[in-house]
Amino acid sequence: MLGLLYLVLFPSWLAYLFWNKGIMEIGATRGEIYTHLIPLPGGLFSIVFLNVEINWFHIVSAFLIIIGEVLCSKK
(Lines give C-alpha, C1' and ligand atoms only; values in the text may rest on other atoms or scores of the structure.)
Protein backbone atom coordinates (compact mmCIF):
# COMPACT_ATOMS: atom_id res chain seq x y z
CA MET A 1 0.00 0.00 0.00
CA LEU A 2 2.89 2.37 0.76
CA GLY A 3 4.38 1.70 -2.68
CA LEU A 4 1.12 2.61 -4.35
CA LEU A 5 0.84 5.77 -2.27
CA TYR A 6 4.38 6.70 -3.28
CA LEU A 7 3.57 6.18 -6.97
CA VAL A 8 0.44 8.30 -6.70
CA LEU A 9 2.12 11.19 -4.89
CA PHE A 10 5.59 11.57 -6.31
CA PRO A 11 5.93 10.55 -9.95
CA SER A 12 2.32 11.19 -10.87
CA TRP A 13 0.90 14.12 -8.99
CA LEU A 14 3.96 16.14 -7.95
CA ALA A 15 5.69 15.80 -11.32
CA TYR A 16 2.71 17.29 -13.14
CA LEU A 17 2.32 19.97 -10.49
CA PHE A 18 5.96 21.06 -10.85
CA TRP A 19 5.84 20.77 -14.65
CA ASN A 20 2.77 23.02 -14.86
CA LYS A 21 4.34 25.56 -12.51
CA GLY A 22 7.49 25.61 -14.65
CA ILE A 23 5.48 26.06 -17.84
CA MET A 24 3.63 28.98 -16.28
CA GLU A 25 6.98 30.56 -15.36
CA ILE A 26 8.86 30.23 -18.67
CA GLY A 27 6.08 29.67 -21.20
CA ALA A 28 5.01 26.66 -23.24
CA THR A 29 7.35 27.23 -26.17
CA ARG A 30 10.51 27.41 -24.08
CA GLY A 31 9.37 24.65 -21.74
CA GLU A 32 8.50 22.10 -24.41
CA ILE A 33 12.08 21.56 -25.54
CA TYR A 34 12.91 20.09 -22.12
CA THR A 35 10.59 17.12 -22.68
CA HIS A 36 13.30 15.68 -24.90
CA LEU A 37 15.55 15.36 -21.84
CA ILE A 38 13.23 12.77 -20.24
CA PRO A 39 15.00 9.69 -21.75
CA LEU A 40 18.38 10.73 -20.33
CA PRO A 41 17.63 10.13 -16.63
CA GLY A 42 15.70 6.98 -17.55
CA GLY A 43 18.77 5.65 -19.32
CA LEU A 44 21.08 6.65 -16.49
CA PHE A 45 18.83 5.05 -13.89
CA SER A 46 18.66 1.83 -15.91
CA ILE A 47 22.45 1.73 -16.05
CA VAL A 48 22.80 2.39 -12.30
CA PHE A 49 19.93 0.33 -10.90
CA LEU A 50 19.33 -2.39 -13.52
CA ASN A 51 22.98 -2.94 -14.52
CA VAL A 52 22.27 -2.31 -18.21
CA GLU A 53 25.40 -2.34 -20.34
CA ILE A 54 26.34 0.95 -22.01
CA ASN A 55 26.34 0.50 -25.78
CA TRP A 56 27.36 2.84 -28.56
CA PHE A 57 23.74 3.79 -29.28
CA HIS A 58 23.27 5.04 -25.70
CA ILE A 59 26.15 7.45 -26.13
CA VAL A 60 25.08 8.55 -29.61
CA SER A 61 21.48 9.15 -28.54
CA ALA A 62 22.55 11.12 -25.43
CA PHE A 63 24.86 13.21 -27.61
CA LEU A 64 22.09 13.90 -30.14
CA ILE A 65 19.62 14.87 -27.42
CA ILE A 66 22.09 17.30 -25.87
CA ILE A 67 23.00 18.79 -29.25
CA GLY A 68 19.29 19.20 -30.05
CA GLU A 69 18.70 20.98 -26.76
CA VAL A 70 21.61 23.34 -27.37
CA LEU A 71 20.41 24.13 -30.88
CA CYS A 72 16.83 24.74 -29.72
CA SER A 73 17.98 26.96 -26.86
CA LYS A 74 19.96 29.36 -29.04
CA LYS A 75 18.36 32.64 -29.94
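**Surface, fold and a few residues**

Modeller: This is a predicted model, and the accessible surface of the protein chain comes to about 6600 Å², with 75% of that area belonging to carbon and sulfur atoms.

Biologist: And how much of the chain counts as buried?

Modeller: Of the 75 residues in the protein chain, 8% count as buried.

Biologist: What about secondary structure, how many helices and strands are there?

Modeller: The protein chain has four helices and zero strands, and from the N terminus on the elements run α-α-α-α. The radius of gyration is 15 Å, well over the 11 Å that the globule rule gives for 75 residues, so the chain is more spread out than a compact globule.

Biologist: What box do the C-alpha atoms fill, then?

Modeller: Taken along the principal axes, the C-alpha atoms of the protein chain fill a box of roughly 40 × 35 × 10 Å.

Biologist: Let's look at α1. How far apart are its end C-alpha atoms?

Modeller: They are 34 Å apart, which agrees with the 36 Å that the 25 residues of helix α1, residues 2–26, should span at 1.5 Å a residue. Even so, α1 bends by about 35° at Leu14.

Biologist: What follows α1?

Modeller: Gly27 follows α1, and the phi of Gly27 is positive, near 95°.

Biologist: Which residue has a positive phi although it is not a glycine?

Modeller: Asn51 does, with a phi of about 55°, and Asn51 is placed in the loop between α3 (39–49) and α4. Asn51 has 66% relative accessibility, and because exposed means over 50%, this residue counts as exposed.

Biologist: Moving on to Leu64, where is that found, and is it buried or exposed?

Modeller: Leu64 is found in helix α4, residues 56–73, and at 54% relative accessibility Leu64 counts as exposed.

Biologist: How far is Leu64 from Ser12?

Modeller: Leu64 and Ser12 are 52 residues apart in sequence, and in space they are 28 Å apart, C-alpha to C-alpha.

Biologist: Last topic, charges: how many positive and negative side chains are there?

Modeller: The protein chain has 4 positive and 4 negative side chains, and the centres of these two sets lie 15 Å apart.

Notes. Residues numbered from 1 in each chain as written. Predicted model: local features only at pLDDT ≥ 70, side-chain atom pairs only at ≥ 80, totals over all residues. Heavy atoms only, no water. Helix = DSSP H or I, 4+ residues; strand = E, 2+ residues; numbered from the N terminus. Expected span 1.5 Å × (residues − 1). Bend = angle between axes of the 7 residues up to and from the residue. Rg over C-alpha atoms; globule rule 2.2 N^0.38 Å. Buried < 20%, exposed > 50% of the residue type's maximum accessible area, 1.4 Å probe, protein only. Areas by Shrake-Rupley, 256 points an atom, 1.4 Å probe, with all protein chains shown as cover. Lys, Arg positive; Asp, Glu negative; His and termini not counted. Charge placed at Lys NZ, Arg CZ, Asp CG, Glu CD.
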